[in-house]
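Have the structure open as you read.

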Amino acid sequence: MTVRPTQSMQATARAVRQSVRTPRAGRAAPLRQSAASISAAAAASTSKTLAGRACSAMMRRPLAAGSRTFATTPARRAEPPPPRRPDFKKLDAADVAHLRSLLGSPDSSLVTTIPAPNGEWQACAQDDLVSYNSDWMDKYHGHSPVLVKPKSTQEVSKVLQYCYQKRIAVVPQGGNTGLVGGGVPLYDELILSTEGLNQIRDFDDVSDRSKGILTADAGAILESLSNFLHPKGYMMPLDLGAKGSCHIGGNISTNAGGLRLLRYGSLHGTVLGIEAVLPDEKGTVLSINMPGGGGAGALRKDNTGYDLKQLFIGAEGTLGVVTGVSILTPRLPSAYNVAVLSVPDFKSVQTVFKETRTHLGEILSAFEFFDHEGLEMVLEHTGAQSPFESQPEEGAEKPFYVLIETSGSNKDHDDEKLGGLLESLLENGTISDGTLAQDETQVQSLWSLRESLPEAAGKLGRVYKYDLSMPVKDMYSLVEEARERFAEKGLDKDGSIKTTVGYGHIGDGNLHINIVAKDWDPKVEKTIEPWIYEATAKRNGSISAEHGLGLMKAPYVGYSKTEPAIAVMQQIRRLFDPRGILSPAKYLPQASELPFQSEEERVQ
């Protein structure tokens with residue numbers, strides 16, 4: 001049963017608008033009930049905090065395919081993985097000794113399980129490398145015996161030059177927060193971590209009228225960069241749940257999207273310059289629009305030649321190792337609002353989004369959605385109370401929820417716009433219930449409903465995560481189709497699959513499906529893949545919106561790209577990485593067992 005908005009709800013929406021003309025009592029009016037009704041457990045359950053955020057809510061934690069044609073190459077499953085290339089050298093003590101000689105601080109910059117014949121270094125236990133050999137979901141595992149953590153671009157260059165000469169496979173690794181197996185070894189590749197490259201190089205708050213330009217090492221943690229910018233009145237243009245661990249170089253290499261893309265756009269638009277080291281005979285350092293790197297610096301306009309930096313954004317470390325970045329940083333907003341609304345169905349989610357864009361315009365900074373199954377999972381995980389007075393009756397259709405955030409520089413102006421939106425939605429019956437945050441603690445609590453979803457899923461079981469993009473109108477039908485498929489296969493009745501939840505970024509057509517299973521199970525995976533990619537292709541979507549391809553999706557690129565496009569990308573990869581030592585068997589399907597054999601003669 002749909003709960004109709006009461007007169008008090010309508011009066012509250014009008015009060016938001018009226019508040020810009022009357023003295024405030026120091027807080028915004030609630031939409032239906034105070035967000036403070038969300039128990040303190042919700043706030044306590046998350047490690048996010050407002051401290052160091054300059055009091056800004058913007059910093060948050062943790063059909064027919066039509067005329068499209070797709071690659072006709074049969075999709076290969078990610079399991080079992082492709083065989084290790086026999087031309088790759090197996091790391092030994094001689095390699096460790098030489099790599100140590102390239103590093104300024106070898107004892108802290110190189111960790112290995114390989115013992116030293118002459119006692120030159122102390123070998124570590126295998127457990128010391130587990131966190132580097134495994135992804136955080138505990139789904140992908142490698143067996144690398146060597147971890148290298150260079151502390152300068154020059155050291156990265158020397159390491160890659162040596163690995164090129166010896167045909168040593170390398171996996172670049174940032175904060176290791178990826179979800180598709182791109183940042184961990186497949187076999188025994190050398191792990192090249194950027195955690196030693198963590199310095200802020202420069203900040204320019206003069207050259208651009210409305211934004212700053214930050215230049216930093218690739219291993220700088222996203223949250224650290226945000227903390228650096230806040231006192232200066234600026235912020236990073238992207239926000240991720242993993243911001244306390246992820247590296248800016250990894251963000252760029254995966255073209256991370258996150259919660260701010262609706263307002264600030266993708267990294268293809270905000271990154272001005274990139275420094276990367278190529279896996280060639282010289283370990284070439286390629287500086288593209290970087291301050292002090294030679295040539296043009298970090299400029300908003302540079303129309304000289306190909307825009308090479310764009311190739312590295314989203315390349316997942318397959319063309320070179322990103323070691324530095326220059327990025328535009330918008331000004332920190334001084335006014336913000338957050339509301340969470342309940343709507344009866346997914347069609348209403350779309351209606352609210354269209355009206356939100358019309359009423360809020362330039363101050364809209366986030367528009368997220370999640371389903372009732374997701375809300376129930378979060379409330380169970382956090383022990384929090386629902387922020388809504390009304391609850392769906394048993395047997396009734398389950399509602400959906402939208403989170404709207406505004407950010408700007410004029411509180412009165414923003415309140416007036418948001419009040420107009422809420423009043424319109426209440427009067428036409430589009431929303432049935434909702435909560436408007438009244439202070440920063442409540443902002444935190446409301447955001448936790450959305451951002452706690454991945455954590456709650458992870459606590460419930462093993463999560464098959466799928467990050468997809470498609471036309472907004474088709475997004476949730478894929479979730480419904482998935483549930484029907486699992487029911488037909490009996491996976492819900494036998495307990496193999498515990499729940500399936502859908503949520504994501506409506507503003508950029510990005511759907512996240514979390515399929516929570518009892519355990520990693522080949523039967524479950526075969527039911528999901530490649531069906532889920534086929535279903536996405538039928539909806540004219542992409543199999544990866546922001547998580548990347550890695551090992552998990554490399555065999556399935558043909559569902560989103562044509563054969564000619566894949567062939568051109570493989571040619572580009574061979575041009576930058578002639579011996580194919582960077583992240584082998586990942587990102588793109590391999591043309592053959594030894595896809596770089598023909599390049600061997602050319603480069604020698």
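Two strands pair if DSSP finds at least two bridges between them. In this predicted model, S15 and strand S16 (residues 510-517) pair in the antiparallel sense, over 8 bridges.

S15 has another partner. It pairs with S11, again in the antiparallel sense, over 3 bridges. Here Gly504 of S15 is the bridge partner of Phe369. How enclosed is S15 (residues 497-505)? Of its 9 residues, 8 are buried, so the rest of the structure largely encloses the strand.

Phe369 leads on to the aromatic pairs. Its ring centre lies 5.4 Å from that of Phe346, and the planes meet at 65°. Edge-to-face needs an angle over 60 degrees, so this pair is edge-to-face. Phe346 sits in helix H12 (residues 346-360), and Phe369 in strand S11 (residues 364-371). They are 23 residues apart, and the pair links distant parts of the chain. Both Phe346 and Phe369 are buried. They also belong to one aromatic cluster with Phe400 and Tyr476.

Now follow H12 itself. Its 15 residues should span 21 Å at 1.5 Å a residue, and the end C-alpha atoms are 21 Å apart, so the two agree. The buried residues of H12 include Phe346, Val349, Val352, Phe353, Thr356 and Leu360. Ser348 and Glu355 are buried too. An α-helix has 3.6 residues a turn, so residues three or four places apart point the same way. What covers the buried residues of H12? The cover includes strands S10 (335-343), S11 and S12 (400-408). Helices H14 (411-427) and H17 (475-488) are also among the covering elements. After H12 comes Gly361, with a positive phi near 55°.

The model holds 16 aromatic pairs in total. Another of them is Tyr533 with Tyr556. Their centres are 4.6 Å apart, with 35° between the planes, and the pair is tilted. Tyr533 lies in helix H19 (residues 531-538). Tyr556 lies in the loop between H19 and helix H20 (563-576). Buried means under 20% relative accessible area. Tyr533 is at 0%, so it counts as buried. Tyr556, at 1%, is buried as well.

Arg579 lies over the face of Tyr164, 4.3 Å from the ring centre.

Notes: Residues are numbered from 1 along each chain as its sequence is written. This is a predicted model: local features need pLDDT of at least 70, side-chain atom pairs count only at pLDDT 80 or more; totals for chains, interfaces and linings use all residues. Side-chain values use heavy atoms; hydrogens and water are left out. Rings of Phe, Tyr and Trp (its six-membered ring) pair if their centres lie within 6.5 Å; planes under 30 degrees apart count as stacked, over 60 as edge-to-face and the rest as tilted. Helices (H or I, at least four residues) and strands (E, at least two) are DSSP runs, numbered from the N terminus. Buried means under 20% relative accessible area, exposed over 50%, partly exposed in between (1.4 Å probe, protein chains only). A charge sits over a ring if NZ of Lys or CZ of Arg is within 6 Å of the ring centre and within 35 degrees of the ring normal. The expected span of a helix is 1.5 Å times one less than its number of residues. Contact means heavy atoms within 4.5 Å.
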